[in-house]
Amino acid sequence: MTSPALSPEEMLRYSRHFTLPGVGVEGQRKLAASRVLIVGLGGLGSPVSLYLAAAGVGTLGLAEFDQVELHNLQRQVIHDTASVGTSKLQSAAGKLRALNPHVRLELHPEGVTAANILGLFAGYDVIVDGTDNFPVRYLNNDAAVLARKPLVYGSILQFEGQCSVFAPYLGGPCYRCLFPKMPGPGEVPNCAEAGVFGALCAMIGGMQVMETLKLLLGVGEPLLGRLLVCDTLGATFRTLRLKRDPDCPCCGGSPSLLSLDPARYVFSCAVSETPHPSPTNTSAMPSETPEEIDVHAAQTLLSSAHPPLLLDVRETWENQTASIAGSVLIPLGELAARMGELPKDRPILIHCHHGGRSMRATQFLRAKGFEHSTNLAGGIHQWSLAIDPSVPRY
């Protein structure tokens, strides 16, 4: 592709790039001809999109389906208070157009799915992963391997972040080489449960921008086969060497993952909204009391003449932020010591934020003889979405 000429206004706008070794005017023209897809416009996608637009990347694809919520603003700096309740995609697009009108935006309001992702990836030079859940990370990885596109990875949690570039076709490993198996429900806390320091998003997002620009310009040494780990509390950076797994089902010598089956990418950061089979300890889980119900069934039970005890196993600050009327708070970490406060002759309906912690509480209580314990699938978040919008989402 022929690199476009730069206008006088663009020459002035990007002048600080022109004296940089490996960039110059020709490098800037190369950026103007480049196409980058950003998946997710949250904590990482916010700084990534702002700085790639400011750098003059010619076309930015934005894949996002969510809306702006008030709790996003602590870290998702591309959005503002006035955009709460509106589309993240439109909120971000307005800011990016105001920042740099020379950048072309391609909006993908459906986000990425197993059905559309290969077609999307085919149209871009670099893919930046700004997502915050495991199923989409694995989907992004698998599609990038199949499409032979470099995937710039970033991850944040509490005070620590990670960054790498996954591109097996360039000789490096893929995400599955580092994390072969997707975590099960509740095994790994998400940012809503464990928290994330807002400024960390800027640090890791900035590293993702640097890796993207290095790939587009062909300068420096990308993080291929290396994982950068940042610990902000200790103010330390470590670079870990990553090896490609020869038996990786995605990028190994004899890969078995040759297509994108939607069933492979089920959401695992929260418990499914639909009931699923009980674990093996069936003696503590009578069939007449389901292990899990959805919010609509829960609403019916809570409105009945003999409602279950509604147990909230979140932390105190979460309960103070949002609660369901009539719930009893016993944080999960205190549950073992406070079991005596719970009735064994009354059904117990247990909820947390998204359903992971409450599922662990349900299984624990059933094993301890509280046979009529049931998990609320989707937690208070799903309750707010489907039953009572007055309950704040956080």
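A salt bridge here is a side-chain nitrogen of Lys or Arg within 4 Å of a carboxyl oxygen of Asp or Glu. Keep that cut-off at hand for the opening stops. The model on screen is predicted.

**Stop 1: a salt-bridge network**

Select Arg 35, Arg 104 and Glu 106. These residues are linked in a network of salt bridges. Across the whole structure, a search finds 12 salt bridges. The next three stops each take one pair.

**Stop 2: helix H1**

Select Glu 9 and Arg 13. They form a salt bridge, with the closest N and O atoms 3.4 Å apart. Both sit in helix H1, which covers residues 8-13. Now show the surface. Glu 9 is partly exposed, at 38% relative accessibility. Arg 13 is partly exposed too, at 32%.

**Stop 3: helix H10**

Go to Glu 211 and Lys 214. Their side chains meet in a salt bridge, 2.8 Å from N to O. Helix H10 holds both residues, and they are 3 residues apart, so the separation is about one helical turn. Buried or exposed, Glu 211 and Lys 214? Both are buried.

**Stop 4: helix H12 to helix H13**

Select Arg 357 and Glu 318. This salt bridge has its closest N and O atoms 2.8 Å apart. The pair links distant parts of the chain, 39 residues apart. Arg 357 belongs to helix H13, residues 356-367. Glu 318 belongs to helix H12, residues 316-321. What is the relative accessibility of Glu 318? It is 0%, so Glu 318 counts as buried. Arg 357 comes out at 8%, and because buried means under 20%, Arg 357 counts as buried too.

**Stop 5: the second largest pocket**

Turn on your pocket display. The second largest pocket has a volume of about 350 Å³. It is lined by 18 residues. To find its centre, select His 17, Leu 20, Ala 55, Met 210 and Leu 213, the lining residues closest to it. Next, colour by secondary structure. Which elements give two or more residues to the lining? They are helix H2 (15-18), helix H4 (45-55) and helix H10 (198-217). Helix H10 gives the most, with 6 residues.

**Stop 6: strand S5**

Select Leu 151. This residue lies in strand S5, which runs over residues 151-157. Its relative accessible area is 2%, so Leu 151 is buried. Which residues does Leu 151 contact, leaving aside neighbours within four places in sequence? Pick out Ile 127, Asp 129, Asn 140, Asn 141 and Ala 144, then Ser 164, Val 165 and Phe 166. For a distance check, draw a line from the C-alpha of Leu 151 to that of Gly 220. The two are 17 Å apart in space and 69 residues apart in sequence.

**Stop 7**

Select Gln 158, in the loop between S5 and S6. Look at its backbone. Phi is near 55 degrees, a positive value in a residue other than glycine. Gln 158 has 40% relative accessibility, so it counts as partly exposed.

**Stop 8: strand S6**

Continue to Gln 162, in strand S6 (residues 160-166). At 18% relative accessibility, Gln 162 counts as buried, because the cut-off for buried is under 20%. Show its side chain together with that of Tyr 153. The two side chains make a polar contact at 3.1 Å.

**Stop 9**

Finish at Ala 235. Where does Ala 235 lie? Look in the loop between strand S7 (226-231) and strand S8 (236-241). Ala 235 has a positive phi of about 55 degrees although it is not a glycine. Its relative accessibility is 65%, so Ala 235 counts as exposed.

Note on methods. Residues numbered from 1 in each chain as written. Predicted model: local features only at pLDDT ≥ 70, side-chain atom pairs only at ≥ 80, totals over all residues. Heavy atoms only, no water. Helix = DSSP H or I, 4+ residues; strand = E, 2+ residues; numbered from the N terminus. Buried < 20%, exposed > 50% of the residue type's maximum accessible area, 1.4 Å probe, protein only. Contact = heavy atoms within 4.5 Å. Polar contact = N/O pair within 3.5 Å; in protein donor to acceptor, adjacent residues only side chain to side chain. 1 Å grid on protein atoms, 1.4 Å probe; cavity = no way out; pocket = protein on both sides within 12 Å on 5 of 7 lines; lining within 4 Å. Points joined across faces, edges and corners; volume = space filled by probe spheres on them.
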